[in-house]
Amino acid sequence: MSRAERARDYEAYVELCSVVQEMDDFVDAIVVEGVHDKEALEALGVTKEIAMYSAGFSYAGFVDYLMSRYRRVTILTDYDRAGKKLNRRLTASLEREGVKVENRYRERIGRILCVRGIRNIESITSLTKRF
């Protein structure tokens, strides 16, 4: 890895940490797809509950769980087709039930990751392990 690539990775890492800290301070919970996504966010210092879609709930049960506990969430599903589809579906369902979905964090984190070629949340660890 060249010095310039390492510098860009470091800048991305610092920006990512800043956005994640802001998100952690602002939302009640973060929704992810699975345990590796949760671990990646915990490694960045997330202290709020990280709710996993793969935690054994049905879709309706998961939405009910979230709406009964939280007023403001961020959805950090992967940035592939399936993750984007799940994000849209969850956002519509939750907002219809009065839960505010803070999409700005998903968008900001997505820009940071996609520039570095990262398309899924669990791969954040590949960036964080460098520093």
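This report walks through a predicted model, starting with its sheet and moving out to its helices, cores and cysteines.

## The sheet

Let's begin with the strands. Four of them make an open sheet, and reading across it the order is E2-E1-E3-E4, with parallel pairing. Strands E2 and E4 (100–101) take the edge positions, each with a single partner strand, so one side of each has no neighbour in the sheet. As background, strands of a sheet pair through backbone hydrogen bonds, and they can do so parallel or antiparallel.

Now for the individual pairings. E1 (residues 29–32) and E2 (residues 49–52) are joined in the parallel sense by four bridges, and Ala-29 has Glu-49 as its bridge partner in E2. To get from E1 to E2 the chain passes through helix H2 (residues 35–43), making a right-handed β-α-β crossover. E1 also runs parallel to E3 (residues 72–75), this time with three bridges; here Val-31 is partnered by Ile-75. Finally, E3 and E4 are parallel too, with two bridges between them, and Arg-72 sits opposite Lys-100 of E4.

## Inside the sheet

What happens on the two faces of E1? Both are covered. Ala-29 and Val-31 are buried on one side, and Ile-30 and Val-32 are buried on the other.

Next, have a look at Thr-74, which belongs to strand E3. Is Thr-74 buried or exposed? Its relative accessibility is 0%, so it counts as buried. Setting aside neighbours within four places in sequence, Thr-74 is in contact with Ala-29, Ile-30 and Val-31, along with Met-23, Val-27, Glu-102, Tyr-105 and Arg-106.

Helix H1 (3–26) has 24 residues and spans 35 Å from first C-alpha to last, close to the 34 Å expected at 1.5 Å a residue. In an α-helix there are 3.6 residues a turn, so residues three or four places apart point the same way. That is handy to keep in mind when picking out the buried residues of H1, which are Asp-9, Ala-12, Leu-16, Val-19, Val-20, Met-23 and Asp-24. What covers them? The cover includes strands E1 and E3 as well as helices H5 and H6.

The largest nonpolar core has 23 residues, and the ones with the most contacts inside it are Leu-16, Leu-41, Leu-76 and Ile-109. Two or more residues come from each of H1, E1, H2, H5 (103–115) and H6 (124–128). Which element gives the most? That's H1, with five residues.

Not counting residues up to four places away in sequence, Leu-16 touches Leu-44, Ile-109, Ile-112, Leu-113, Ile-124 and Leu-127. There is also a second, separate core, with 16 residues. Among its members are Ala-51, Val-63, Leu-66 and Val-73.

Glu-39 is part of helix H2, and with a relative accessible area of 41% it is partly exposed.

In the loop between H2 and E2 you'll find Thr-47. Its relative accessibility is 63%, so Thr-47 counts as exposed. Between the C-alpha atoms of Thr-47 and Val-73 there are 13 Å, with the residues 26 apart along the chain.

## The cysteines

For reference, a disulfide is a covalent bond between the sulfur atoms of two cysteines.

As for the surface, Cys-17 is partly exposed at 22% relative accessibility. Cys-114 also counts as partly exposed, at 27%.

Technical notes: Residues are numbered from 1 along each chain as its sequence is written. This is a predicted model: local features need pLDDT of at least 70, side-chain atom pairs count only at pLDDT 80 or more; totals for chains, interfaces and linings use all residues. Side-chain values use heavy atoms; hydrogens and water are left out. Buried means under 20% relative accessible area, exposed over 50%, partly exposed in between (1.4 Å probe, protein chains only). Two strands pair if DSSP finds at least two bridges between them. A crossover is right-handed if, with the strands pointing away from the viewer, the path from the first strand over the helix to the second runs clockwise. A nonpolar core is a set of buried Ala, Val, Leu, Ile, Met, Phe, Trp, Tyr and Cys residues joined through side-chain atoms within 4.5 Å. Contact means heavy atoms within 4.5 Å. The expected span of a helix is 1.5 Å times one less than its number of residues.
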